[in-house]
Amino acid sequence: MRPLETRDMTPADVEFAVKLERAAFGKTLGETTLLDDVGDRHKAFYCIARSGDERLGFAGIRFHGETAEVMTCVVVAAARRKGVGRALMKAMIDACEERGIKSLTLEVRPSNDAALAFYGAYGFSTVGLRKRYYKDGEDAVLMLRPIGGGR
Ligand SMILES: CC(C)(COP(=O)(O)OP(=O)(O)OC[C@H]1O[C@@H](n2cnc3c(N)ncnc32)[C@H](O)[C@@H]1OP(=O)(O)O)[C@@H](O)C(=O)NCCC(=O)NCCS
């Protein structure tokens with residue numbers, strides 16, 4: 001495999017991102033939302049993980065004052081457990097540090113064992129529960145990672 005790298009996401013990556021989210025979640029943030037976010041560097045940061053020309057995953061955060069929120073983080077199924085998620089997480093945390101963000105939050109399904117383990121491995125702690133957060137009625141676990149003074 002060629003070296004794993006991350007780069008900023010561009011509008012040309014949105015079709016890839018939509019397909020990847022649909023494959024992973026059966027739903028997507030949507031082309032319009034993704035295009036808006038990718039086009040506004042003050043509001044959001046989205047990145048692509050790649051090996052040569054092959055795109056292996058993408059992730060995105062939105063900035064809200066001194067906090068930021070993970071909007072999505074998905075790795076191509078065949079490329080999981082090879083450090084792609086780690087590279088995306090590093091890019092997101094670097095983007096937060098550059099902007100002086102103090103904490104990064106996210107919501108995740110309690111049934112998503114891989115994601116809970118992944119976020120836990122990168123310094124996120126559970127700080128709350130959002131009851132019936134998802135359309136199908138499942139709760140969301142709210143996780144937070146301090147930035148700057150954190151890991
Ligand atoms: C969660 C996800 C992004 C992780 O990406 P990944 O590329 O597989 O993660 P990495 O290989 O970088 O793993 C880094 C660490 O996270 C933890 N981890 C990741 N996947 C795990 C799993 N399935 N089980 C247990 N721990 C896991 C491990 O500590 C791992 O380190 P290790 O492989 O040295 O043990 C990926 O599983 C995914 O795309 N899932 C579907 C989409 C999703 O649920 N996204 C999160 C909600 S938005």
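This is a predicted model: local features need pLDDT of at least 70, side-chain atom pairs count only at pLDDT 80 or more; totals for chains, interfaces and linings use all residues.
I'll start with two helices. The axes of helix H1 (residues 14–25) and helix H2 (residues 31–38) come within 10 Å and cross at roughly 130 degrees. Axes here are lines fitted to C-alpha atoms, for helices over the stretch in contact, and angles run from 0 to 180 degrees between N-to-C directions.

Residues are numbered from 1 along each chain as its sequence is written. Helices (H or I, at least four residues) and strands (E, at least two) are DSSP runs, numbered from the N terminus.

On the H1 side the contact is made by Val14, Ala17 and Val18, and on the H2 side by Glu31, Leu34, Leu35 and Val38. Contact means that the C-beta atoms of two residues, placed from the backbone, lie within 7 Å. The residues of this contact divide into six nonpolar, no polar and one charged. Ala, Val, Leu, Ile, Met, Phe, Trp, Tyr, Cys and Pro count as nonpolar, Asp, Glu, Lys and Arg as charged, and the others, Gly among them, as polar.

Next, the sheet. Seven strands form an open, mixed sheet, and their order is S1-S2-S3-S4-S5-S7-S6. Two strands pair if DSSP finds at least two bridges between them. Strand S1 (4–8) and strand S6 (125–130) are at the edges with a single partner strand each, so one side of each has no neighbour in the sheet. From one strand to the next, the twist averages 25 degrees. S1 pairs with strand S2 (residues 44–51) in the antiparallel sense over five bridges, and Leu4 stands opposite Ser51 in S2.

H1 also packs on this sheet, touching strand S3 (54–64) and S4, and its direction makes about 80 degrees with that of S4. H3 lies across S1, S2, S3, S4 and strand S5 (103–108), at about 30 degrees to S3.

Last, the ligand. What surrounds the ligand? There are 19 residues around it, the closest being Arg80, Gly85, Arg86, Ala114 and Ala117. Near means a C-beta atom, placed from the backbone, within 6 Å. Strand S4 (67–75), helix H3 (84–98) and helix H4 (113–121) give two or more residues to this shell. H4 gives the most, with five residues.
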